Amino acid sequence: MEELKTARMTIRPLQRSDLRELHRLYGDEEVMTYITGRPRTPRETARRLRKDLRHHRDHGFGLCLMLDHAEDRVLGRVGLEPRVTDLGTEGELAWMLHREYRGVGYATEAAGALIEWGRARGLARIYAETDPENAASIRVMSRLGMQPAGRNGRDLVFVAPVAEGTEDSA
């Protein structure tokens, strides 16, 4: 996956050297509330990074860092996690932001860019899952035009609309 540029950020694939920065996110109890319910250990963070690097190698996309253009600071992590299903290759949209960068549209901006990227590459479906109590993520999905599509266990599932001009759009 190539770097993506938006109005305010660069979205670039994760690298081995991102381990310390990722652990700042994954080790933050509040950030992890709706993801694992607890902070990850350094070992769990390293294991997760290895998995993410394999996704990029095997599928050409995966999780990325969000970097602010103006100050070259890490805002958080965003990406499409590859899922191979009977429909083909799908992308599960996922994001998390450092606490100080929440509520100003970064997640919506980054996720919107990734939806467009996934559409352009012909992903069979782009979706996101969230805890039903995660109101902030539900608002982001709504702003992106994602529609409720049921549940996966406890989590709510939202699906990105089909791109205009395709045979599936209504």
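**Reading burial, contacts and charge pairs**

Analyst: Let's start with Arg-50, which is partly exposed at a relative accessible area of 47%. The cut-offs are under 20% for buried and over 50% for exposed, with partly exposed in between (1.4 Å probe, protein chains only). Arg-50 has its place in helix H2. Helices (H or I, at least four residues) and strands (E, at least two) are DSSP runs, numbered from the N terminus. This is a predicted model, in which local features need pLDDT of at least 70 and side-chain atom pairs count only at pLDDT 80 or more, while totals for chains, interfaces and linings use all residues. Residues are numbered from 1 along each chain as its sequence is written, and side-chain values use heavy atoms, leaving out hydrogens and water.

User: Is Glu-44 buried or exposed?

Analyst: Glu-44 counts as buried because its relative accessibility is 19%. Glu-44 has its place in helix H2, which covers residues 42-59.

User: Which residues does Glu-44 touch?

Analyst: A contact means heavy atoms within 4.5 Å. If you do not count residues up to four places away in sequence, Glu-44 touches Arg-38 and Pro-39.

User: Where is the place of Met-32, and is this residue buried or exposed?

Analyst: You will find Met-32 in the loop between H1 and H2. Met-32 is buried, and its relative accessible area is 0%. Leaving aside neighbours within four places in sequence, Met-32 has contacts with Leu-25, Tyr-26, Gly-37, Arg-38, Pro-39, Arg-40 and Met-96.

User: How many salt bridges does the count come to?

Analyst: Side chains of opposite charge can pair when their charged atoms come close. A salt bridge is a side-chain nitrogen of Lys or Arg within 4 Å of a carboxyl oxygen of Asp or Glu. By this rule, the count here is 20 salt bridges. One of them joins Asp-28 and Arg-99, whose closest N and O atoms are 2.8 Å apart. Asp-28 lies in the loop between helix H1 (19-26) and H2, and Arg-99 in the loop between strand E5 (88-97) and helix H3 (106-120), so this pair ties together parts that are 71 residues apart in sequence. Asp-28 is buried, with a relative accessible area of 15%, whereas Arg-99 is partly exposed at 42%.

User: Which side chains meet in a salt bridge of 3.6 Å, N to O?

Analyst: That pair is Glu-81 and Arg-83. Glu-81 counts as buried at 7% relative accessibility, while Arg-83 is partly exposed, with a relative accessible area of 26%. Through shared partners, salt bridges link Arg-48, Asp-52, Glu-81, Arg-83 and Glu-92 into one network. For another pair, turn to Arg-57 and Asp-58, whose side chains meet in a salt bridge of 3.0 Å, N to O. Arg-57 counts as exposed, at 60% relative accessibility.

User: What about backbone angles: what is phi of Asp-72 near?

Analyst: Phi of Asp-72 is near 50°, which is a positive value in a residue other than glycine. To find Asp-72, go to the loop between strand E3 (63-68) and strand E4 (74-85). Asp-72 counts as exposed, with 62% relative accessibility.
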